[in-house]
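Please look over the sequence and the fold below before reading on. The paragraphs after them lead from the whole chain to single residues.

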Amino acid sequence: MEAGKRSVREIFNRGRNLEIPFFQRSYVWEEQQWKRFLEDMVMVSETKKPYF
């Protein structure tokens with residue numbers, strides 16, 4: 001696994017498939033986690049700041 005700073009555009013616009021590692025598949029987000037994630041994505045797209 002490689003960690004590094006990337007923009008949302010770099011993650012979603014490279015024409016590649018993203019996979020969830022096997023050890024993370026049993027983790028299930030509830031509505032609260034999805035809401036926070038979507039709010040973060042809106043903030044990132046508006047401010048063009050990095051997201052970690």
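This is a predicted model: local features need pLDDT of at least 70, side-chain atom pairs count only at pLDDT 80 or more; totals for chains, interfaces and linings use all residues.

Residues are numbered from 1 along each chain as its sequence is written, and side-chain values use heavy atoms, with hydrogens and water left out.

The chain has two helices and zero strands, where helices (H or I, at least four residues) and strands (E, at least two) are DSSP runs numbered from the N terminus. Of its 52 residues, 4% are buried, buried meaning under 20% relative accessible area, exposed over 50% and partly exposed in between, with a 1.4 Å probe and protein chains only.

The second largest pocket is lined by K5, R6, S7, V8, R9, V44, S45, K48, K49 and P50, and α1 and α2 each supply at least two residues of that lining. A pocket here is an open set of points on a 1 Å grid over the protein atoms alone, with protein on both sides within 12 Å along at least five of seven lines, and lining residues have an atom within 4 Å of a point. R6, in the segment before α1, counts as partly exposed because its relative accessibility is 33%. Although R6 and P50 are 44 residues apart in sequence, their C-alpha atoms are 6.6 Å apart in space.

Elsewhere, Y27 lies in the loop between α1 (8–12) and α2 (31–47), and at 55% relative accessibility Y27 counts as exposed.

Note on methods: On a 1 Å grid over the protein atoms alone, a cavity is a set of points where a 1.4 Å probe fits but cannot get out, and a pocket is an open set with protein on both sides within 12 Å along at least five of seven lines; lining residues have an atom within 4 Å of a point.
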